[in-house]
Amino acid sequence: EKTPSLKEVYKDYFPIGAAINKQIIQNKDSALVQYHASSVTADNDMKYDRTVNGKGEYTFENGDQIVAFAQANNMLVRGHTLAWYHQTRDSFYQDSLGNDLSKPALLKKMQKHIHSVLNHYKGQVYCWDVVNEAISDYDDKFYRDDIKYFEIAGADYIEVAFRYAYEADSTIKLFYNDYDLINPQKREKTYQMLKELLDRGTPIHGVGMQGHYVIEDSVAKLLPLAIDRFASLGLEVQITELDVSVYPYYHNMDRSTLPKEIKPYTPEVAEALAKQYHDIFTILREKKDKITNVTFWGIADNRTWLSHYVVKGRTDYPLLFDQDLLPKKAFYKVTDFK
Ligand code: G3I
């Protein structure tokens, strides 16, 4: 029997997306993306350090390959990302002598970057994560304030980033994107920031709830609250980077303290993962009127960032397809609900 296609199963709910890269496009994984996804996001190729080289020249080739793949397969492209403290070269914030830019100079440079990228991808990318991860993970702090954007420009960089994006292309949807937004403290800070931005007339159309969950996250309780809260601002909600780690919570943790031991993928682990995915998609289906896209951060466990980034070399199993690109128990929990 044929494996059900995620995008087909969910066609009356929301488009299903996958984050992709060159390896995925050039290997067998691409067939999986073609069969299951109706939108793609570049997992790295549209970020600052991939679109601008060390000499300050624009290098759109990798991102263009993502767009070409999407167009050849009739898929939408989500843009990721324009203003993020990570994967932005230090020289971005500096003058030619290596001194920090003034606030006006930094904002001007940001404007140039946002305009360059949006002009290049005009008509090819339907929405963008304009600002990524600006809110602090710590309860005693509001913004992430230990980053260059904030140190130089304060919170203003967030609002102006959206304004610059709108100047360059008023036809696309502009998103604020962050992780751990089901966490009530972080959710409320994000809500407050978005409300204030909207009150000031900032062009912002949606919230990307990344959705890097772990098996223990209380999604059944917290996910619907977060979706409703953000939707109450009149914003679209998208799940932009969905995966479920089988290891303990890792956001805002000192990575060196995380357990390094590799968990084997036992039937119990497969079952727990399937249960979490079942809960997540039950909620997403219930909230379908508020949700305009659900994107997985990758397609199969063979190339997940979680196996090489959070704790290097610690194999994780966060997606619906395994190392051999075969559907897991979680996949059937997500597709078999009718
Ligand atoms: O491509 C180079 C390779 O040439 C080099 O040899 C190797 C050595 O470190 O690095 C490779 O680049 C790595 C890249 O992933 C591609 O694998 C970078 O070091 C590594 O930092 C980068 O990690 C990415 C991470 O963002 C960086 O912040 C992950 O792939 C990417 O999945 C992840 O995505 C983020 C979202 O953008 C925002 N939300 C969280 C999410 C997960 O962290």
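Select helix α10 and colour its buried residues, which are Val219, Leu223, Ala226, Ile227 and Phe230; a residue is called buried if 20 or more other C-beta atoms, placed from the backbone, lie within 10 Å of its own, exposed if 12 or fewer, and partly exposed in between. They lie on the same side of α10 because they cover an arc of only 100 degrees around the axis, the arc being that of the directions from the helix axis to the C-beta atoms.

Before going on, note that this is a predicted model, in which local features need pLDDT of at least 70, side-chain atom pairs count only at pLDDT 80 or more, and totals for chains, interfaces and linings use all residues. Residues are numbered from 1 along each chain as its sequence is written. Helices (H or I, at least four residues) and strands (E, at least two) are DSSP runs, numbered from the N terminus.

On the buried side, the covering elements include α9 (184-199), β6 (206-209), β7 (212-214), β8 (236-245), α11 (267-286) and β9 (291-296).

From these, go to strand β8 and select Glu241, which lies in that strand. Glu241 counts as buried because it has 24 C-beta neighbours inside 10 Å. Leaving aside residues up to four places away in sequence, Glu241 touches Ala19, Gln210, Gly211, His212, Thr295 and Trp297, where contact is taken as C-beta atoms, placed from the backbone, within 7 Å.

Next, display the ligand together with the residues around it, namely Asp43, Asn44, His86, Gln87, Asn132, Tyr179, Gln210, Glu241, Trp305 and Tyr309; each has its C-beta atom, placed from the backbone, within 6 Å of the molecule.

Two backbone details are worth a stop. The peptide bond from His80 to Thr81 is cis, with omega near 0 degrees, and Thr81 is found in strand β3. In the loop between β4 and α7, select Glu133, whose phi is near 55 degrees, a positive value in a residue other than glycine; Glu133 counts as buried, with 20 C-beta neighbours inside 10 Å.

Terms used: Two residues are in contact if their C-beta atoms, placed from the backbone, lie within 7 Å.
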